[in-house]
Each structure stands twice: as structure tokens, then as C-alpha cells.
Amino acid sequence: MHIEINTPALLFPAISLLLLAYTNRFLGLSSTIRSLHHEYQQRPDPKILGQLDNLRHRVALIRGMQISGTLSIFCCVISMVLVFVGYGEVATWVFGSSLLLMSLSLALSLRELFISGHALTILLADMAEPLAAHHQRESSRPWRHPEEDEPPP
């Protein structure tokens with residue numbers, strides 16, 4: 001089975017968009033890490049260290065996502081060159097490698113999404129008790145018309 005030159009070219013837009021999304025994730029994490037680092041320097045808290053450890057793991061995953069995505073697009077280019085110079089059989093194998101690298105990149109992305117979702121769940125659980133207490137206080141207050149809470153003009 002031989003591939004045509006436009007087959008690997010089909011992956012270029014998808015890989016480019018994925019790499020852009022991965023870069024945006026990386027930039028968002030780096031901003032969060034910088035702010036947590038500054039917060040920790042001002043007020044050391046073991047919770048912040050736990051968050052930083054989680055973020056360190058996520059940065060490593062994003063780096064892996066970016067590397068495998070970049071290698072995937074590189075294999076697409078090599079595959080296109082091989083098709084162009086007449087090595088269709090080798091091009092097919094190189095293109096297959098590109099697909100495997102893309103799959104690895106997506107698997108790492110999925111893992112990073114689960115970790116980030118879990119981290120947000122922990123933060124929400126940490127806020128759940130004060131939020132429940134606030135709602136309890138609000139629901140126990142007698143109902144007033146909103147205009148009654150405003151000071152007179």
C-alpha cells in the first residue's frame with residue numbers, strides 16, 4: 001500500500017491547531033505557577049507546595065505532548081518528501097509513525113486533562129464548606145424586599 005502526497009498533508013492543520021492549544025495550556029500553567037510562587041514567597045503554605053507539585057507534573061505532560069506533536073508533524077514532512085522522491089512504501093511507514101506520535105500526543109493530553117480536572121475538583125471541595133455555610137446563613141435570614149436593604153437617598 002502506497003500513500004499519495006496529500007495524505008500526510010491532511011494532518012498539517014490538525015497538528016498545527018493541537019500545538020497551538022498545547023502552547024496556550026503551557027502559557028496558562030506558567031502564569032499560574034509564577035503567581036503561586038510569588039504567593040508562596042509572601043506566605044508559605046503547604047497547600048501551595050502541593051499545587052506546585054501538581055503543576056510540575058502537568059508541565060511535564062504538556063512538554064511530552066508538544067514533543068510528540070512536533071515529531072508527528074516532522075514525520076508528516078518526511079513522509080511527503082519520501083512520496084515526492086518515489087519511496088512510497090517507506091513513506092507509508094513514516095506516515096504510520098506520524099499517526100502513532102499523534103496518538104501519543106492525544107493520550108498525554110487526555111491524561112493532563114484528567115489531572116487538571118482533578119485539581120479543580122480539589123479546589124472546589126476546599127471552598128464547598130465555606131460556601132455551604134454562606135448559603136445556610138442567607139437562607140435563614142427573613143426575606144426582605146431588595147429595596148429595604150438599600151440606604152435612604
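Reading the helices, salt bridges and surface patch

User: Where does Phe84 lie?

Analyst: In this predicted model, Phe84 belongs to helix H3.

User: Why is Phe84 called exposed?

Analyst: Its relative accessible area is 69%. Exposed means over 50%, so Phe84 counts as exposed.

User: What makes up the nonpolar patch on the surface?

Analyst: Val77, Val81, Phe84, Val85, Tyr87 and Val90 form this patch, and together they have about 600 Å² of accessible area. Helix H3, residues 46–84, supplies the largest share, three residues.

User: Why is Leu55 called buried?

Analyst: Leu55 is also placed in helix H3. Buried means under 20% relative accessible area; Leu55 has 6%, so it counts as buried. Across the protein chain, 27% of the 153 residues count as buried.

User: How many helices and strands does the protein chain have?

Analyst: There are five helices and zero strands. From the N terminus on, the order is α-α-α-α-α.

User: At what angle do H2 and H3 pack, and why is H2 called roughly antiparallel to H3?

Analyst: Helix H2, residues 11–42, packs against H3 at about 160°, and the axes are 9 Å apart. Angles over 145 degrees count as roughly antiparallel, so the term applies to H2 and H3. Their crossing is left-handed.

User: How do you know that Arg25 and Glu112 form a salt bridge?

Analyst: The N to O distance between their side chains is 3.3 Å. The cut-off is within 4 Å, so the pair qualifies. Arg25 is in helix H2 and Glu112 in helix H4 (residues 88–140), 87 residues apart, and the pair links distant parts of the chain. Arg25, Arg58 and Glu112 are linked in a network of salt bridges.

User: Are Arg25 and Glu112 buried or partly exposed?

Analyst: Glu112 has 1% relative accessibility and therefore counts as buried. Arg25, at 22%, counts as partly exposed, because the value falls between the limits of 20% and 50%.

User: What makes Asp53 and Arg56 a salt bridge?

Analyst: Their side chains meet at 3.0 Å, N to O, and the rule asks for a distance within 4 Å. Both residues lie in helix H3, three residues apart, about one turn of the helix. Arg56 is exposed at 54%, whereas Asp53 is partly exposed at 46%.

User: Which residue forms a salt bridge with Glu39, and how many salt bridges are counted?

Analyst: Glu39 pairs with Arg43, their closest N and O atoms being 2.9 Å apart. Glu39 is partly exposed at 32%, and Arg43 is partly exposed at 47%. The count comes to four salt bridges.

Conventions: Residues numbered from 1 in each chain as written. Predicted model: local features only at pLDDT ≥ 70, side-chain atom pairs only at ≥ 80, totals over all residues. Heavy atoms only, no water. Patch = residues over 30% accessible without salt bridge, like charges linked within 9 Å, V, L, I, M, F, W, Y side chains within 5 Å. Areas by Shrake-Rupley, 256 points an atom, 1.4 Å probe, with all protein chains shown as cover. Helix = DSSP H or I, 4+ residues; strand = E, 2+ residues; numbered from the N terminus. Buried < 20%, exposed > 50% of the residue type's maximum accessible area, 1.4 Å probe, protein only. Axes fitted to C-alpha atoms, helices over the stretch in contact; angles between N-to-C directions. Parallel < 35°, antiparallel > 145°, perpendicular 65-115°, else oblique. Left-handed = near helix turned anticlockwise from the far one by under 90°.
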